[in-house]
2 protein chains.
Amino acid sequence: MPSAGILVIGNEILSGKVVDTNSPFLAQELRALGVDLERILVIPDVIDTIAREVRAMSDAYDFVFTSGGVGPTHDDLTMDGVAQAFGIPLAVSQTMAERIERAQGKPPNESLLKMATIPAGAQLIDAGDLWFPVIVVENVHILPGIPELLKRKFLSVRERFRGIPFELKRIYLMQRESDIAEHLNATLREFPDVLMGSYPRTGDGNWSVLVTLESRDGDYLMRALGSLLARLPADAVLKVE
Amino acid sequence: MPSAGILVIGNEILSGKVVDTNSPFLAQELRALGVDLERILVIPDVIDTIAREVRAMSDAYDFVFTSGGVGPTHDDLTMDGVAQAFGIPLAVSQTMAERIERAQGKPPNESLLKMATIPAGAQLIDAGDLWFPVIVVENVHILPGIPELLKRKFLSVRERFRGIPFELKRIYLMQRESDIAEHLNATLREFPDVLMGSYPRTGDGNWSVLVTLESRDGDYLMRALGSLLARLPADAVLKVE
């Protein structure tokens, strides 16, 4: 199955000024596509750090998605970091400059020209009607930090990443985690390949624990579910979805 | 100044089932305390991965905060990972077992005893009226994944982490980023130690760009602010906060 890492670049997240909504969005999308997200990392706007982490993620996962750091100002350093990660120079892309000129109706000034300066030889993938394409270097997909733009861009290219999705069953239980842990463990011993999560309720609801079972094999999933339900006391289960 | 890293442990975040609200909370708290948060990392419930990343963060930063993986079920592996990170065995803490018995009114069963099993020699810091203390190993502070509990625990120990806080000025501008970038750069050349952020508007508002200036030196901050305001066209500035 394809694996992925998300690299969120931005001092504003680390300093608590902005809440990152991009990685939760991408996590849900990747899950629905059947891509295994293995890591989310938030780092500051520092070229050396960006370069090191881009390279490490690129080596470790099939797909890397970066968020943020692609605007025209001094703190937009993602292109520099990605270029350094692969030892590629930055260069003004003529295609990008033309796109900017078309979008603006006038030639780009120095700051806008910065946005046309990308790792040499990068692949440009058109993202719907947005003038700024998705820029891809090796397996690294460079996405903007602005949530609406990130969403539109990702959705325009998402089919490139499709794997085999997981099937999911949710079991809502009335008992406490410490009272059902043994049944969970016994089910896992019988079905070691099922992914099982156990989450105490943190909001409203008349249940105590949500147990999730997941597998890419629907038949295996249903057998694991049957095994777990057979172990639990009947009055412990509120509902199964 | 003290530095910090946050390690969020949980498949449920990576699979998009749960949105992590703990790291945004901690990021804001650490900023207010004057602690430099340098990294937020989300990883799966895998002991070797937890151990490797705990050790790397512990070596790199003054304080490490983990979130999640401390319950009684199979997927709660943070204690195992922290113990492995420092080559310490896990052991049942008599103090913890007694606290559980007091809270439950009966001796802990096997699953609850798992919650009393912590890295040997770990420091226990009482967290207000919660029975489960903050567990500290070296500079690693182990916090629960449930947001209300994490908040109460962190707030009960926050004074241990106080540094020198940043002062912050926000400048709301009517122009686009690409039209003001040169003024930002010139201000940074004159005041290289100020932290400057530039954020295009993503929600409602009658401004286009929010520029933030930050410094731990209030006088330096006000001089940098004066320098930037003097460079900007007067009608570009909507307000300064």
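A: Before we start, one term: helices and strands here are DSSP runs, numbered from the N terminus. Also keep in mind that this is a predicted model.

Q: Okay. So where does Glu138(A) lie?
A: Glu138(A) sits in the loop between strand 7 and strand 8 of chain A.

Q: What's its phi, positive or negative?
A: The phi of Glu138(A) is positive, near 50°, and this residue is not a glycine.

Q: And is Glu138(A) buried, partly exposed or exposed?
A: Glu138(A) has 17 C-beta neighbours inside 10 Å, so it counts as partly exposed. Being buried would take 20 or more, and being exposed 12 or fewer.

Q: What about Glu138(B), what's the phi there?
A: Glu138(B) has a positive phi of about 50°, and it isn't a glycine. Glu138(B) is in the loop between strand 7 and strand 8 of chain B, and with 17 other C-beta atoms within 10 Å it's partly exposed.

Q: How many residues are between the strands in that hairpin of chain B?
A: There are 2 residues between strand 7 and strand 8 of chain B. Those two strands pair in the antiparallel sense over 3 bridges, and Ile135(B) has Ile142(B) in strand 8 of chain B as its bridge partner.

Q: Zooming out, what sheet do these strands belong to?
A: An open sheet of 12 strands, with mixed pairing. The order is 6(A)-7(A)-8(A)-3(A)-1(A)-2(A)-2(B)-1(B)-3(B)-8(B)-7(B)-6(B).

Q: Which strands stand at the edges?
A: Strand 6 (123-127) of chain A and strand 6 (123-127) of chain B. Each has a single partner strand, so one side of each is left without a neighbour in the sheet.

Q: How much are neighbouring strands turned against each other?
A: On average by 20°, ignoring direction.

Q: What pairs with strand 6 of chain B?
A: Strand 7 of chain B, in the antiparallel sense, over 4 bridges. In that pairing, Ala127(B) stands opposite Leu130(B).

Q: Which strands run parallel, then?
A: One such pair is strand 3 (residues 63-67) and strand 8 (residues 140-143) of chain A, joined by 4 bridges. There, Phe65(A) has His141(A) as its bridge partner in strand 8 of chain A.

Q: And which strands does helix 4 of chain A lie across?
A: Helix 4 (residues 78-85) of chain A lies across strand 1 (3-9), strand 3, strand 7 (130-137) and strand 8 of chain A. Helix 4 of chain A runs at about 170° to strand 8 of chain A. In chain B, helix 4 (residues 78-85) packs on the sheet too, touching strands 1, 3, 7 and 8 of chain B, and its direction makes about 170° with that of strand 8 of chain B.

Q: How do strand 2 of chain A and strand 2 of chain B pair?
A: In the antiparallel sense, over 3 bridges. Leu41(A) stands opposite Leu41(B) there.

Q: Why do we say the copies meet through the same surface?
A: Because 100% of the interface residues of chain A are also interface residues in chain B.

Q: New topic: how is chain A divided?
A: Into domain 1 (3-161) and domain 2 (168-240). Their centres, taken over C-alpha atoms, are separated by 38 Å.

Q: Last one: where is Ala97(A)?
A: Ala97(A) lies in helix 5 (residues 94-104) of chain A. Leaving aside neighbours within four places in sequence, Ala97(A) is in contact with Val92(A), Pro108(A), Leu113(A) and Ala116(A). The C-alpha atoms of Ala97(A) and Leu238(A) are separated by 59 Å, and those residues are 141 apart along the chain.

Methods:
Residues are numbered from 1 along each chain as its sequence is written. Chains are lettered from A and ligands numbered from 1 in the order in which they are written. This is a predicted model: local features need pLDDT of at least 70, side-chain atom pairs count only at pLDDT 80 or more; totals for chains, interfaces and linings use all residues. Two residues are in contact if their C-beta atoms, placed from the backbone, lie within 7 Å. Domain bounds come from an automatic or database domain assignment. Two strands pair if DSSP finds at least two bridges between them. Axes are lines fitted to C-alpha atoms, for helices over the stretch in contact, and angles run from 0 to 180 degrees between N-to-C directions.
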